[in-house]
Amino acid sequence: MTRLGKNAVIEQLLADGITHMFGNPGTVEQGFLDALEEYPDFQYILTLQETVAAGIADGFARATGGPALLQLHSGVGLGNGIGMMYQSKRGHAPLVVIAGESGIEYDAMDAQMAADLVAMARPVTKWATRVVDPRSLLRVLRRAVKTAMTEPRGPVFVSLPMDILDAPNDEPVVPTVIPDRRTLPAPALVAEAAALLAPAERPLLLVGDGISVSGAEPELLRVAEKLGADVWFVDSSEAHLPADHPLARGAIGHMFGMVSRAAVREADAVLIVGTYVFPEVFPDLVTPFAEDAAIVHVDLDDYEIAKNHPVTLGLVADPKLTLDALATALDGLRTPEQDAAAQEFIEKRRAEQAERAAAPDDTLIGAFLAKLGERAPEDLMVFDEALTASPYITRYLNPRLPGHYFATRGGSLGVGIPGAVGMKIAHPEKTVIGFTGDGGSMYTYQALWTAARHDVPAVFVVCNNHRYELLNKNIDQYWVERDIAKHDFPHSFDLSHPEIDFVGLARSLGADAVRLDKPDQIDDVVERMLTTRRPLLVELLTDDTR
């Protein structure tokens, strides 16, 4: 059947189960967006700026497993979205990003808004291309969906010239085939890995989001408890172990190599699964591992294995299948004495955990999150961009369900509010709360308008400490490293004046809003958060210096 390319695109997307598009419209996409009106099963989620659209698409992709469709406007819109697309690339979010352009027929004119979109997109995508012939429009789209969804997943980009979309198209619509990469190492390799890990007296696990993509959380728990191994999350943004498990040590690998070095240098065996080491801004240039440590790395992304530091054994394989086989192999190698030592270590960690939990906490954020944790449903979904306040969230809300806790990744700010919007669109039946900071929120605050427009009743918490606190902590470390005497923080890190009216600003964008700055407000605010049927913004004062 012959129809226009713009209609064929929508038919292909629907065939692949893609029913939402997140974007901001522009002139060169006008014909395509006009055609959307003919398809009531396809929903366009309007945002006021492309960074917001990219953040919502990222949250939607993470909450659904993808793919998510992101529409940007030509070169200027792509430029606006690139910073957030970097988040998606670092986090392997399967975004299919499209952008319109005026047409191939104008290539020689160097006209207004002309740009090499593919070259712009390439650094922040897994694959970038441009459709140049109407007969390959759907073929290219299917390749884009396949590439985005094949592990290691990631964003892809397709430039769609207007004349290609307006040309007749007779390509058939067929669902995209996603290759299944679930592979298990040869038995001899599993045995070799088990033999390297079984004798360890100080084993360690470093895991990332490859665990969640393969659904390997139960197998990870089995291996960790069998070895009695601490589990550190590296380049990780989900709850691969329950946050209150005694072997869960939290996240490393964010800023300074010395932090990761301190965590791993005593280990005599290290199992790395579904991540790379190490993703710091200032990483170690030499291996942080002990010289005689046995290191086994399992990942479907062969590029990441031994990328920065040598390993003893690298296995390009599915984390779930491999951990399951490895656990079985360890059962046959570990002695009763080793099993007893592992249990003794777990109990030691449990006692340390209880001691930390008993430490007094008289902060407002602690009291608020404790109450929220008491009342929130078991399947609460959280998007965490709170950064320096994140330890409170993991302590009191105790992320434990796979697919229900997402942390920021990629290093840029602004994903907290739009990420929660995307999560709520993906799971409208669940309670979704997005946490961000005063600095991070202002990158994408207009996402509240999108939530209000499309009746997305997520809850958003702005942790307001009137500064970029992470920068304060990082420059503290910089001063120590450079032997610089401690002094006042740079004025550029301060956000206290003029005061931002987060409540008034949220209301102006169509959301409900409340300020929480006193303990006696906590019960009422938590009640509103858990019963609201509209987008709700909570400004939480966390500044302890004013």
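Leu-70 touches Phe-22, Ala-53, Ala-54, Ala-57, Met-85, Leu-95, Val-96, Val-97 and Ile-98, leaving aside residues up to four places away in sequence. Contact here means heavy atoms within 4.5 Å. The model is predicted: local features need pLDDT of at least 70, side-chain atom pairs count only at pLDDT 80 or more, and totals for chains, interfaces and linings use all residues. Residues are numbered from 1 along each chain as its sequence is written, and side-chain values use heavy atoms, with hydrogens and water left out.

**Nonpolar cores**

- Leu-70 also belongs to the largest nonpolar core, which has 52 residues.
- Leu-70, Tyr-445, Leu-448, Phe-460 and Leu-537 touch the most other members of this core.
- Helix H3 supplies the largest share of the core, eight residues.
- Another core lies apart from it and has 31 residues, among them Ala-193, Val-223, Ala-248 and Leu-323.
- A nonpolar core is a set of buried Ala, Val, Leu, Ile, Met, Phe, Trp, Tyr and Cys residues joined through side-chain atoms within 4.5 Å.
- Buried means under 20% relative accessible area, exposed means over 50%, and partly exposed lies in between (1.4 Å probe, protein chains only).
- Helices (H or I, at least four residues) and strands (E, at least two) are DSSP runs, numbered from the N terminus.

**Salt bridges**

- Side chains of opposite charge can pair when their charged atoms come close.
- A salt bridge is a side-chain nitrogen of Lys or Arg within 4 Å of a carboxyl oxygen of Asp or Glu.
- The count by this rule is 32 salt bridges.
- Lys-6 pairs with Asp-166 in a salt bridge, with the closest N and O atoms 3.8 Å apart.
- Lys-6 sits in helix H1 (residues 5-15) and Asp-166 in helix H7 (residues 162-166), so this pair ties together parts that are 160 residues apart in sequence.
- Lys-6 is buried at 16% relative accessibility, while Asp-166 is partly exposed at 36%.
- Glu-219 and Lys-320 also meet through their side chains in a salt bridge, at 2.9 Å from N to O.
- That pair links distant parts of the chain, with Glu-219 in helix H10 (residues 217-227) and Lys-320 in helix H12 (residues 319-331), 101 residues apart.
- Glu-219 counts as buried at 13% relative accessibility, and Lys-320 as partly exposed at 27%.
- Glu-352 and Arg-349 form a salt bridge at 2.7 Å, N to O.
- These two residues, Glu-352 and Arg-349, are three residues apart in helix H13 (residues 336-358), so about one helical turn separates them.
- Glu-352 is partly exposed at 25% relative accessibility, whereas Arg-349 is buried at 13%.
- A network of salt bridges links Arg-222, Lys-226, Asp-324, Asp-331 and Asp-339.

**Second largest pocket**

- The second largest pocket holds about 420 Å³ of space.
- Of its 26 lining residues, Glu-151, Pro-152, Gly-210, Val-213 and Leu-300 are the closest to its centre.
- Helix H9 (residues 210-214) gives the most to this lining, with three residues.
- The lining of this pocket divides into eight nonpolar, six polar and twelve charged residues.
- Ala, Val, Leu, Ile, Met, Phe, Trp, Tyr, Cys and Pro count as nonpolar, Asp, Glu, Lys and Arg as charged, and the others, Gly among them, as polar.
- On a 1 Å grid over the protein atoms alone, a pocket is an open set of points where a 1.4 Å probe fits, with protein on both sides within 12 Å along at least five of seven lines; lining residues have an atom within 4 Å of a point.
- Grid points are joined across faces, edges and corners, and a volume is the space filled by probe spheres set on the points.

- Most residues other than glycine have a negative phi, and most peptide bonds are trans.
- Gly-66 and Pro-67 are joined by a cis peptide bond, with omega about 0°.
- Pro-67 is in the loop between helix H3 (50-64) and strand S4 (68-72).
- Val-277 to Phe-278 is also a cis peptide bond, with omega near -10°.
- Phe-278 is in the loop between strand S12 (269-273) and strand S13 (294-299).
- Ala-306 is not a glycine, yet has a positive phi of about 60°.
- Ala-306 lies in the loop between S13 and strand S14 (313-316), and is partly exposed at 38% relative accessible area.
- His-466, also not a glycine, has a positive phi of about 65°.
- His-466 is in the loop between strand S18 (459-464) and helix H19 (469-481), and is buried at 4% relative accessible area.
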